[in-house]
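Colleague: Could you take me through the salt bridges of this model in some detail, with attention to where the charged partners sit and how accessible they are?

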Amino acid sequence: LFIALAGMHCTAMAAAHFAPGATSATANGLNPQWLAIAVALAAVAVLGVTLLLSRLHERTTTLQGSVSRLNGQLVRLATLDPLTAVPNRNTLIDYLGHVIEASPRNRSMFAVLCMDLDSFKIINESLGHAFGDGVLVAFAQRLRQCVRDTDMISRLGDDEFVIVLEGLKSSQEAGLVAQRILGRVRDQLWFGGIA
């Protein structure tokens, strides 16, 4: 940048030829005090605009970050159950569509297991909704421990959960997984698994 400025200055000076004793016609009509004031005001104006643009850029960056966080929260609310943090009904429907389409291509089977908690309404009525919510959260955690990372657990509502098992070789494999889930959930959940 410095070299470019120096080059421009030297080129301009070399191009400028003034006759000896020549004066500018406009120079005589300028008041030096007003010229200084005008240059100072222009400099202050440029500085003010620069500061304003800097603040606007900072504010825009902050707002973009806030919008990004809110967008993430909206996606979370749209795809996950707020209580148990497992996928919700909408996510399950989309996922099932993918699984149904992919299974023939992969030459594999899949299974859909539906589960609910027996007498859950009695738990809510006798021990309160806060305790019932704790049971649902614990139940979802137990289900996560019982399935593979590739399987999906979803909460449809109230005490209804769905598990989608992908990549199965046979229907017997789905039955074994269901037995294992029932055994583990029964052993761990009531009531020793919940504090």
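Modeller: What follows goes through the salt bridges one by one and then turns to a phenylalanine.

This is a predicted model, in which local features need pLDDT of at least 70 and side-chain atom pairs count only at pLDDT 80 or more, whereas totals for chains, interfaces and linings use all residues. Residues are numbered from 1 along each chain as its sequence is written, and side-chain values use heavy atoms, with hydrogens and water left out.

The structure contains four salt bridges, a salt bridge being a side-chain nitrogen of Lys or Arg within 4 Å of a carboxyl oxygen of Asp or Glu. One of them joins the side chains of Asp 81 and Arg 155, with 3.0 Å from N to O. Because Asp 81 belongs to the loop between helix H2 (32-79) and helix H3 (89-106), while Arg 155 is in strand E2 (residues 152-157), this pair ties together parts that are 74 residues apart in sequence; helices (H or I, at least four residues) and strands (E, at least two) are DSSP runs, numbered from the N terminus. Asp 81 is buried at a relative accessible area of 11%, and Arg 155 is likewise buried, at 12%, where buried means under 20% relative accessible area, exposed over 50%, and partly exposed in between (1.4 Å probe, protein chains only).

A further salt bridge links Arg 105 with Glu 101, whose closest N and O atoms are 4.0 Å apart. These two residues are four places apart in helix H3, so about one helical turn separates Arg 105 from Glu 101. Arg 105 is exposed, with a relative accessible area of 56%, and Glu 101 is exposed with a value of 56%.

Arg 148 and Asp 151 also form a salt bridge, in which the closest N and O atoms lie 2.7 Å apart. Here Arg 148 is partly exposed, at 34% relative accessible area, whereas Asp 151 is buried, at 10% relative accessibility.

Phe 120 is part of helix H4 (residues 120-127) and is buried, its relative accessible area being 7%. Leaving aside residues up to four places away in sequence, Phe 120 touches Gly 132, Val 135, Leu 136 and Asp 159, a contact meaning heavy atoms within 4.5 Å. Between Phe 120 and Asp 158 there are 38 residues of separation in sequence, and their C-alpha atoms are 8.7 Å apart in space.
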